[in-house]
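Here is my note on the model.

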Amino acid sequence: MSQCIVKSIPEIEKYMLFGTNNRKTASTNMNSDSSRSHSIFTIYIETGEEIEGEQRIKAGKLNLVDLAGSERSSKTGATG
């Protein structure tokens, strides 16, 4: 698990690619690129602006989740 502070969309894309490349996948009867490991990307977004001399901050959180092997196991042909 790692946590990174980024300031631009290209930086986000760089870390998303890093995480994607570290996922484990394998072929099954239902999916040629089935996840074999859980992946969770949590993106916190903060923006600030000054309105009439007052600092205002907006914040949001986005969770992207891929659970390993979510296909019906009896139909995948996966073993192990």
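1. The structure holds one salt bridge, counted where a side-chain nitrogen of Lys or Arg lies within 4 Å of a carboxyl oxygen of Asp or Glu. The partners are R56 and E54, with the closest N and O atoms 3.7 Å apart. R56 is partly exposed, at a relative accessible area of 42%. E54 is also partly exposed, at 44%. On this scale, buried is under 20% relative accessible area, exposed is over 50%, and partly exposed is in between (1.4 Å probe, protein chains only).

2. A word on the basis. This is a predicted model, in which local features need pLDDT of at least 70 and side-chain atom pairs count only at pLDDT 80 or more, while totals for chains, interfaces and linings use all residues. Residues are numbered from 1 along each chain as its sequence is written, and side-chain values use heavy atoms, with hydrogens and water left out.

3. The chain has two helices and four strands. Both are DSSP runs numbered from the N terminus: helices are H or I with at least four residues, strands are E with at least two. Along the sequence the pattern reads α-β-β-β-β-α. Of the 80 residues in the chain, buried ones make up 12%.

4. Strands β3 and β4 (residues 54-66) pair in the antiparallel sense, over 13 bridges. Pairing requires that DSSP find at least two bridges between two strands. Two bridge partners can be checked directly: F41 has L64 in β4, and G48 has I57 in β4.

5. β3 and β4 form a hairpin with two residues between them. E52 sits in that loop. Its phi is near 50 degrees, positive in a residue other than glycine. Most residues other than glycine have a negative phi. Please look at the backbone here. E52 counts as exposed, at 82% relative accessibility.

6. Helix α1 has 13 residues and reaches 18 Å from its first C-alpha to its last. That is close to the 18 Å expected at 1.5 Å a residue, where the expected span is 1.5 Å times one less than the number of residues. The number of buried residues among the 13 is one, so α1 lies largely in the open.

7. C4 belongs to the segment before α1. C4 is partly exposed, with 36% relative accessibility. C4 and Y15 are 11 residues apart in sequence, and their C-alpha atoms are 8.2 Å apart in space.

8. Which residues lie nearest the centre of the largest pocket? They are S2, Q3, C4, T42 and I43, out of 27 lining residues. The space in this pocket is about 1,200 Å³. A pocket is an open set of points on a 1 Å grid over the protein atoms alone, where a 1.4 Å probe fits, with protein on both sides within 12 Å along at least five of seven lines; lining residues have an atom within 4 Å of a point. The volume is the space filled by probe spheres set on the points, which are joined across faces, edges and corners.

9. The elements that give two or more residues to this lining are α1 (9-21) and β3 (39-51). β3 supplies the largest share, nine residues. By type, the lining divides into 13 nonpolar, 10 polar and four charged residues. Nonpolar here covers Ala, Val, Leu, Ile, Met, Phe, Trp, Tyr, Cys and Pro; charged covers Asp, Glu, Lys and Arg; the others, Gly among them, count as polar.
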